[in-house]
Amino acid sequence: MEKRSNLKWWLHFLWFCVLFCVSFGEVRYVLPEEMQRGSVIGNVARDLGLGVTELDARRARVVAEGTSQLCELDTASGNLLISQRIDREELCAQASVCTLQYQLLLEDPLQAYSLVLDIADINDNTPVFATGEIQLDLVESTVLGRRFPLESAHDPDLGTNSVREYKLSPNDHFALEMSTQINGNAYPELVLKKPLDREAKAEHVLKINGIDGGNPVRSGTASIHVRVLDANDNVPVFSQRVYKASVPENSAIGTVIATLNATDSDEGVYGDITYSFSHLSDKMGGVIEINPLSGEVRVAGLIDYEEASTHELDVQAKDGGGQASHCKLIVDVIDVNDNKPVIEIKSASPNVAEDSKPGTMVALMNVYDLDTGSSGRVTCTISDNVPFKFVSEVKNYYMLVTDGILDREFQPEYNITITATDAGSPSLSSVKVLTIMVNDINDNPPTFTQSKYDANILENQPVGTFVMKVNAEDIDEGSNSKILYQISRDTNSEVSSFLRINSETGELFTSRLFDYEQLVHFQIKVTARDGGGPPLSTTCTVNVFIKDQNDNTPVVLYPVQTTGFIAEDMVPVEAPRGYLVTKVVAVDADSGHNAWLSYRIIRATRPNLFIVGLHTGEIRTVRAFMDDDEPKHTVTVLVTDNGPESLSATVTVSIAIGDGLPVLNELFEFADESQDNDNLTLYLIIALAAVSSLFILLISGVFYFKLCRRGYVYRSTAASLPVFPTAYCTPSFTDISRCGTLLKDERYDSFLTTGSWRGDFRFSSNTDTDTLKKRSAAYQKSTLRRASTDRATLKVRVGAPYIWSNENRP
């Protein structure tokens, strides 16, 4: 009850007299010990200028520095509350100043404030004598005024709350006086005031009270039993009233601290001295011991400077007659660097975004050393070559912040080695590894393995045919690296429908049938877009080339075949061998080898009378006509293309032998040329190979420049029109549209097939289709007459049916 009233008095007093200061992020409070749990120390929010709502929002908490958690924060009110019993004597022993260090941490964003609690002493301990009964043996010859030191009462309190006076119970022989040691400590002495007479009274029982200066006062009592002995008139005498010694902490067991010396002038048993400690606390009981015979004080256990830097011991020397004297032994503990720095992670973010700005806080650490002096000064460093550094704004607190640009693709994880080293000799250090993961952001666009892709596909392939696969990569991770493919919006709206793409795999498939004769090449753009926010994208170009198939049958242009009527070609009866009778003209809408045409006679009225040029289609006489030859002949010519699976067409040629027609020299082929036909064929093949090589180079160059100018070319929709294969064209007729048709130009140079210099047909264009038809009919009726006077030519018009006509018709 007395303790509670004392605590209540302190609460009322210190509540109105609490001192705090806020400077450099520190708040100091003074509070008495033994406050009840839940008692308010102070309002931290108000004293630091913080809003109460900030405490919850920023996840405020109070953490201890090297001590147990004795207080807590009420975030609802901002008050700092007592959470456990605070006993100043247990925390700070006999230290004159008892200070506890805490930190108020605000985590979002990170901020630290220092909280210092000064614990004030209250009178909560009663003075206690080491033994409840003090034994004194005095000889009856003891002189008056002799002083006998007594053990002091021990009171853990400080200042006025410690022992202030002693009182002795009333008696006739003894009085109590106070004496002061060199260090200023007072202790009681029993003074003999009246001679002792063992025969009159052999034992005296006294009471001594130790009284402190608290309010209310507290006191402890011990009994003094004085036995009166026969004459042992000398007591042990120490060589010093106070002994001082020093010992390094962590000294080995058995290390001699000091040697005490006391002498007694008596002889025999009265001169034998034994040493002992008068009062030894529980903590020191196993740390220091004294040899009872030699007086050597040795180390018996672990001496720790951090627990106590000084020890004050009472030593008693007693002779065999019971006489005793006392002295003080003061042991100073020398600090050595025996404590490694302590690294405590108070708050840490295991992940940091790679786009974090320099100076972004990653972790908060408390680094301290329990040693003192230079051994307690700590230097904190981190591993080299990492984009982080330490910033310290509060003592012993270090903030780990970013110090450069982070790039997850370059280094996704940092194992930061934190090293704390003290300044002791030799220095001690502690190491802690902090792992920081770098979070990915979408800072890298997808990248195609090729900026341009070329694909080839045969015409007439079914819808859904696989064309090719484009591939893009993204060095980001997670959703930032997930790539979706799509046809770019930059692609022409008509062309974009030609293909479809699998958005996940990048595979391209056809969406329609392709016809080489209408479309040779087109270009699309494919966009790869990642799944970041905002997404990033890259575009590549896909060139699709349609490859020709042999899907067009040769079309015979001349002679014109009409139902029920075949025009006759006239030949003079005097025509010699090799005379040009007529020419079969055919075309194939395919290209390349598929459009190369071959001619051969499959049926004739006279088998050995006419021959057709294999590649020219020219029908010539094999021999001169005889009298028994029929006047009219029918020759069936098979026209075959050069495709893998060749296609063919047949044409019937009607030839009439006319009497009286002139023989034209320019239609005559000399006999020596026919004799050397085999050699000529070889020469033609070599020449054709050379011209074809040059032609391919020319086509490639024109194709390249045309591709640069436009992505694709459409063919005329007049699919029924026959076309001339490029293999038969001179350079001036090169199909630069790559579509297999002639250019829409009103003027063309002469076009002669191989070996037809004597009588070939010329192509031209005409805008009047009806006129062309009329000319064709007139030509069919008067072929013979026109062959003798004019050179036959053939004209075609691009975009209209091909019609044969005569250039010099009357």
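**Note on the predicted model: salt bridges, an open sheet and selected residues**

1. Asp-629 and Arg-623 join their side chains in a salt bridge, with N and O 3.1 Å apart; the term denotes a side-chain nitrogen of Lys or Arg within 4 Å of a carboxyl oxygen of Asp or Glu. Asp-629 is buried because its relative accessibility is 9%, whereas Arg-623 is partly exposed at 23%. Here buried means under 20% relative accessible area, exposed means over 50%, and partly exposed lies in between (1.4 Å probe, protein chains only).

2. The model is predicted, so local features need pLDDT of at least 70 and side-chain atom pairs count only at pLDDT 80 or more, while totals for chains, interfaces and linings use all residues. Residues are numbered from 1 along each chain as its sequence is written, and side-chain values use heavy atoms, with hydrogens and water left out.

3. The chain as a whole contains 9 helices and 54 strands. Helices (H or I, at least four residues) and strands (E, at least two) are DSSP runs numbered from the N terminus. Of the 810 residues, 46% are buried. Among contacts with a separation of 6 or more, 69% link residues 24 or more positions apart; a contact requires heavy atoms within 4.5 Å. The accessible surface of the chain is about 40,500 Å², and carbon and sulfur atoms supply 52% of that surface. Accessible areas come from the Shrake-Rupley method with a 1.4 Å probe, and for residues only the protein chains shown count as cover.

4. The structure has 25 salt bridges. Side chains of opposite charge can pair when their charged atoms come close. One of the pairs joins Glu-568 to Lys-632, at 3.1 Å from N to O. Glu-568 belongs to strand 45 (residues 568–572) and Lys-632 to strand 51 (residues 632–640), so this pair ties together parts that are 64 residues apart in sequence. Glu-568 is partly exposed, with a relative accessible area of 29%, and Lys-632 is exposed at 51%.

5. A further pair is formed by Arg-298 and Glu-296, whose closest N and O atoms are 2.6 Å apart. Arg-298 has a relative accessible area of 28% and is therefore partly exposed; Glu-296, at 23%, is also partly exposed. Elsewhere, a network of salt bridges links Arg-147, Glu-177, Glu-189 and Lys-193.

6. Ala-656 is placed in strand 52 (residues 648–658) and is buried, because its relative accessibility is 5%. Beyond its neighbours within four places in sequence, Ala-656 contacts Glu-568, Asp-569, Met-570, Val-571, Pro-631 and Lys-632. The C-alpha atoms of Ala-656 and Val-573 are separated by 9.3 Å, and the two residues are 83 residues apart along the chain.

7. An open sheet is formed by 4 strands in the order 26-32-31-28, with mixed pairing. Its edge strands, each pairing on one side only, are strand 26 (351–353) and strand 28 (378–382). From one strand to the next the twist averages 30°, with axes taken as lines fitted to C-alpha atoms (for helices over the stretch in contact) and angles running from 0 to 180 degrees between N-to-C directions. Strands of a sheet pair through backbone hydrogen bonds, either parallel or antiparallel. Two strands are taken to pair if DSSP finds at least two bridges between them.

8. Within this sheet, strand 28 pairs with strand 31 (residues 413–422) in the antiparallel sense over 5 bridges. Cys-380 stands opposite Ala-420 of strand 31. Thr-421 also lies in strand 31 and is partly exposed, because its relative accessibility is 26%. Thr-421 and Val-378 are 43 residues apart along the chain, with their C-alpha atoms separated by 5.4 Å. Not counting residues up to four places away in sequence, Thr-421 touches Pro-341, Arg-377, Val-378, Thr-379, Ser-427, Leu-428 and Ser-429.

9. Leu-684 is located in helix 7 (residues 677–709) and is partly exposed, with a relative accessibility of 38%.
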